[in-house]
Amino acid sequence: MGENQRNVSRFDWNLAFLIFLLFCVSVVAIHSAEKIGQYDKNFVAQQVVFYIIGMVIIGFVMRFDSDQLQKLTWVFYGFGNFLLLLLLVAPSSIAREINGAKSWFTLPGFSLQPSEFMKVFLIITLSTVIVKHNEKYRIRTVREDFLLLGKLGAVLALPLLLIMQQPDLGTALVFLAITVGLVFVSGVSWKIIAPAFLGITAVGSVILGLVVYAPSLLEKYLGVKQYQFGRIYSWLDPESYSSGEGYHLKKSLDAIGSGMVNGKGIGNGVVYLPEGQTDFIFAVIGEEFGFIGASIVISLFFVLVYYLIKLGLETKNEFNSYLCVGVISMLTFHVFQNIGMTIQVLPITGIPLPFISYGGSSLMGNMFAMGLMFGISWHHKRYMFGND
């Protein structure tokens, strides 16, 4: 067998096909959002360009094997944090505030959101830390488990702090989701994880309860301002806040609800949604393709996550398995949060729908993550329904 034939057989065509399907959904949905919004900008053409750049990123990243990635871990981590720090100190001429957050470099011809790449750098770094720790401590005790949690917390702390200075709550939650997902599979005893999880859940529930029933206590003792409660109140009662904080959610619910089962048909959407091509792309899909179309999109993500789970279980390399878990945690949280916020299950946080929402940084960050997954298949070939 020639070199070209071997390369073709090693390439993960199953994963490529799934990404192609998501690309098709993205182009159709963005075209519809573009038409409804009457934009002058050609978002579809730009999204196609972003996908082409993403393919180049995949082709480059997949060439690195697990050993090379581990050697470059701290380079990735340091570079990502450097960009986040540079963003905070950069002048407004190249890093202006957008929607109240300083999250973008705005340069002539393009914009860049460093946090989208930092998500993947964080996955690589946390995976390396877990692997090195487990190699060093073959016999695990509570002490070693707490030591590992301390290491993971230290890795998370710096980028999380920098993100919150922007501030960008949505991305901070993604960082936490990635870390929690990897902690679950890191080997840390459930005697530690279960109480910690229950404690965090209890604290979160108490805070939410105070926001709803006793906001004055949070204002008095934590210094929370009244206007900061708006996003929670508008989530719980969008009708009463439809002219302000609840406007996007109200429009999203109107769009999805009017689509009913079969949808209005491609190009027939009428509900105007600000940012419909980005954060609220799922509402556009729900309106034009209805419950059936929305279910198909969710099913595509389900198949993608299933495939990555299978890839992680079949690879013989521990580091690669952790990479899979990190990417799965990131994508799952993105999908759950984005779709959840459009149907009032979760508060609005401005998190895009992976591979479908318009946006160069988000898409290229996700394609970087997919490059890691393609690399696992490239160096440790597996098939969707059986081994080679």
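## An enclosed space

Searching the whole structure turns up one cavity of 30 Å³ or more. Here a cavity is a set of points, on a 1 Å grid over the protein atoms alone, where a 1.4 Å probe fits but cannot get out. Grid points are joined across faces, edges and corners, and the volume is the space filled by probe spheres set on the points. On that basis, the largest cavity holds about 40 Å³ of space. This is a predicted model, so local features need pLDDT of at least 70 and side-chain atom pairs count only at pLDDT 80 or more, while totals for chains, interfaces and linings use all residues. Residues are numbered from 1 along each chain as its sequence is written, and side-chain values use heavy atoms, with hydrogens and water left out.

What lines the largest cavity? The lining is made up of Phe64, Asp65, Ser66, Leu69, Asn320, Leu323, Leu372, Gly375, Ile376, His379 and His380, where a lining residue has an atom within 4 Å of a point. Two or more of these residues come from each of α4 (66-71), α14 (318-342) and α15 (360-379), and α15 gives the largest share, with four residues. Helices, by the way, are DSSP runs of H or I with at least four residues, numbered from the N terminus. By class, the lining splits into five nonpolar, five polar and one charged. Ala, Val, Leu, Ile, Met, Phe, Trp, Tyr, Cys and Pro count as nonpolar, Asp, Glu, Lys and Arg as charged, and the others, Gly among them, as polar.

Now for the second largest pocket, which has a volume of about 330 Å³. A pocket is an open set of points with protein on both sides within 12 Å along at least five of seven lines. There are 16 lining residues, and the closest to the centre of the second largest pocket are Phe11, Ala16, Met55, Ile58 and Met367.

Helices α2, α3 (43-61) and α15 each put at least two residues into this lining. The largest share, six residues, belongs to α3. As for class, the lining of the second largest pocket has 14 nonpolar residues, one polar and one charged.

## Aromatic pairs

The count of aromatic pairs comes to 13. Rings of Phe, Tyr and Trp (its six-membered ring) pair if their centres lie within 6.5 Å, with planes under 30 degrees apart called stacked, over 60 edge-to-face and the rest tilted. Take phenylalanine 11 and tryptophan 13: their ring centres are 4.7 Å apart and their planes sit at 65°, so the pair is edge-to-face. Tryptophan 13 is exposed, at 52% relative accessible area; the cut-offs are under 20% for buried, over 50% for exposed and in between for partly exposed (1.4 Å probe, protein chains only).

A tilted example is phenylalanine 20 with phenylalanine 23, at 6.4 Å centre to centre and 35° between the planes. The two are three residues apart in helix α2 (residues 13-37), so about one helical turn separates them. Phenylalanine 20 is partly exposed at 45% relative accessibility, and phenylalanine 23 is partly exposed at 22%.

Threonine 128 sits in helix α6 (residues 114-136) and is buried, at 4% relative accessibility. Leaving aside residues up to four places away in sequence, threonine 128 touches Gln70, Thr73 and Phe319, with contact meaning heavy atoms within 4.5 Å.

Most residues other than glycine have a negative phi, and most peptide bonds are trans. The peptide bond from glutamine 166 to proline 167, though, is cis, with omega near -10°. Proline 167 lies in the loop between α7 (142-164) and α8 (169-185).

Methionine 260 has a positive phi of about 50°. Its place is the loop between α12 (247-259) and α13 (281-314), and methionine 260 is exposed at 63% relative accessible area. Phenylalanine 355 also has a positive phi, near 70°. It lies in the loop between α14 and α15 and is buried at 2% relative accessibility.
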